[in-house]
2 protein chains.
Amino acid sequence: MKNTVAELGELRLLERIRSRLQTAPAGEVWAGDDTAVLRQEGGRLLLTTDLVMEGLDFDLSYASGADVGWKVLAANASDISSMCGVPSHAVVALAVPPECPVSFVDEFIDGLVAAAGLWQIALVGGDVSGAKEISATVSMVGRPVTAAVLRSGAQTGDAICVTGALGGAAAGLIALRRGMDANDPAVARLVERQLRPRARVREAALLASFTPNAMIDISDGLAVDLEHVLDASNAACSIDTDSIPIDPDISSVPEIDPFEAAVTGGEDFELLFTMDPERVDAAAAALSSVGTPLTKIGVVGTGERYLGPRSLEEWRERGWEHLRPR
Amino acid sequence: MKNTVAELGELRLLERIRSRLQTAPAGEVWAGDDTAVLRQEGGRLLLTTDLVMEGLDFDLSYASGADVGWKVLAANASDISSMCGVPSHAVVALAVPPECPVSFVDEFIDGLVAAAGLWQIALVGGDVSGAKEISATVSMVGRPVTAAVLRSGAQTGDAICVTGALGGAAAGLIALRRGMDANDPAVARLVERQLRPRARVREAALLASFTPNAMIDISDGLAVDLEHVLDASNAACSIDTDSIPIDPDISSVPEIDPFEAAVTGGEDFELLFTMDPERVDAAAAALSSVGTPLTKIGVVGTGERYLGPRSLEEWRERGWEHLRPR
């Protein structure tokens, strides 16, 4: 028996919490996917919550209040999108130390409102509290465009696809920590990926027409989030590593392997999904209307779970910490 | 211009945040009431969030993990109830230090689940994070029983009513801080009021039939919450101070004025509402079916806002800190 939260670790703590909750009734999804799916008069409701903590999820040495507000809103919007849903309303609980400048709170709210405006999400209320450190919890509701797309629906033979390009947010974090020159346009784009992520709200709405079978957003890295989908779907995969869309700007940050960044770097908030392979071309054409690439990176199978030289489990254990500057 | 959050104060910080948000469209309510009221297919949705922080809202010297979980769930359920709504689903974001015992998290979740079970609310997901101190944010959705009852609907001539008895939760906190003997049944009941508050979920559902015009839950104290209703309704009041239902157990705690506790003590989570005076007797009879008293304490008017010897503003400025042991 592990006695402290640190000894147990986050994933096992979450499993432990889930084991103490009741089981969802038929037609609902509770813990275990990107959002809860609830039955309501008038259709399903999606509900999610996401917490960011100073020193863990952001650092005021490089992030402004507006960056923090933007990102926590985007992370929630991405969770709703990854159910193939449309986010509609959010509330925020903000905790700040007494000595926190009012200007930080102003900027935080402005960042929240700006991101909410981009995706037409209404910020409808909240709570504030004192604290020793800054934290913010956003909770969001939305609706499935048609049906909620779970992690568990991947079918053998499905194409495995991703939106956009991967690894940029992690490389941007490293660039920020190294204090790299933000006048370099490639560095500036990477920093933007880290501080002002774009939830794939419009893309999810477009993809709904092509009935993806499983979907998740890439918040923990391609390898880890692909493992989540395959675990939930009881499936395996065959990945064409050459096809993985690597953010081209990563090459501007020295001493980073772009492939490793793309496979293990989190917070890109791209969509990872599986669908009938015959629909991939049409889905890609639809996403091109909003300027977003769609790339098929592999196929759902029944054998092993490798991504290039390592199994998904090995990638997860490796984590992304090796990307950090020494 | 106040430069820090502490200099500005919580109420003005909330006002400042609200001023930066967009305005709700017709038929919706955003910031400024107990919950947001949102238009959805199939009817209105209520959405709220509430944050509790170690050292401010609870203290582990007297509260267990289960107490903390129970109370944050109850505070949210009370917010939904105070819109004359029925809470249905909740998510939780929990932040704990690395050295926090896993048993605390177990107890916290068990307390959440127990309170949720009492009011048939489903706990459907959440998030965990590291932190320097323990905090928990619960967000909850629900539905109005018929129509959402706002703070702003009080009409001149309405009866002003409260459920239950007041002041017990504040007296319980003082009893806990003084380490009073919990074998005394009156002390034990006060401690229960503080640590395991009962949201008036069933009572709100019953009251809906009698169409209250305005409603709030008493979380900040009778005087302050009455002022919130009257501010929102642009109204005044005439209060019969002798009729205010004071928790009889308060007299077991020395050096507390029971009337002051009832008027200024928060966290009772009783409902404060206004309604057609001709419906009060029938509403009281309905609540007696679940064992909850309903007391008319005054009338909505147009003149001044006094509660006994002080104006509501004076009560607010006085606060409840004078109740604390010296």
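Chain A is superposed on chain B by a rotation of 180° with 0.0 Å of shift along its axis, at an RMSD of 0.0 Å. This is the relation of a two-fold axis. Within chain A, G42(A) has the C-alpha nearest the axis, 2.0 Å from it. The superposition is by least squares on the C-alpha atoms of residues with pLDDT of at least 70 in both copies. Because 100% of the interface residues of chain A are also interface residues in chain B, the copies meet through the same surface.

The model is predicted: local features need pLDDT of at least 70, side-chain atom pairs count only at pLDDT 80 or more, and totals for chains, interfaces and linings use all residues. Residues are numbered from 1 along each chain as its sequence is written, chains are lettered from A and ligands numbered from 1 in the order in which they are written, and side-chain values use heavy atoms, with hydrogens and water left out. The model scores ipTM 0.94 and pTM 0.95. In chain A the mean pLDDT (the predictor's confidence in each residue, from 0 to 100) is 94, and 98% of residues reach 70 or more.

The secondary structure of chain A comprises eleven helices and twelve strands, taken as DSSP runs of H or I with at least four residues and of E with at least two, numbered from the N terminus. The overall values for chain A are as follows.

| Property of chain A | Value |
|---|---|
| Box of C-alpha atoms along the principal axes | roughly 55 × 55 × 50 Å |
| Buried share of the 326 residues | 59% |

Buried means under 20% relative accessible area, with a 1.4 Å probe and protein chains only. Among contacts (heavy atoms within 4.5 Å) between residues at least 6 apart in sequence in chain A, 83% join residues at least 24 apart.

In chain B, helix 3 (residues 65-81) has 17 residues and reaches 24 Å from its first C-alpha to its last, close to the 24 Å expected at 1.5 Å a residue. Helix 3 of chain B is mostly covered, with 17 of its 17 residues buried.

Helix 5 (residues 168-178) of chain B is largely enclosed by the rest of the structure, because nine of its eleven residues are buried. Among these are G168(B), L173(B), I174(B) and L176(B). Their cover includes helix 6 (185-195) of chain B. Just after helix 5 of chain B, G179(B) takes a positive phi of about 65°.

Technical notes
The expected span of a helix is 1.5 Å times one less than its number of residues. Buried means under 20% relative accessible area, exposed over 50%, partly exposed in between (1.4 Å probe, protein chains only).
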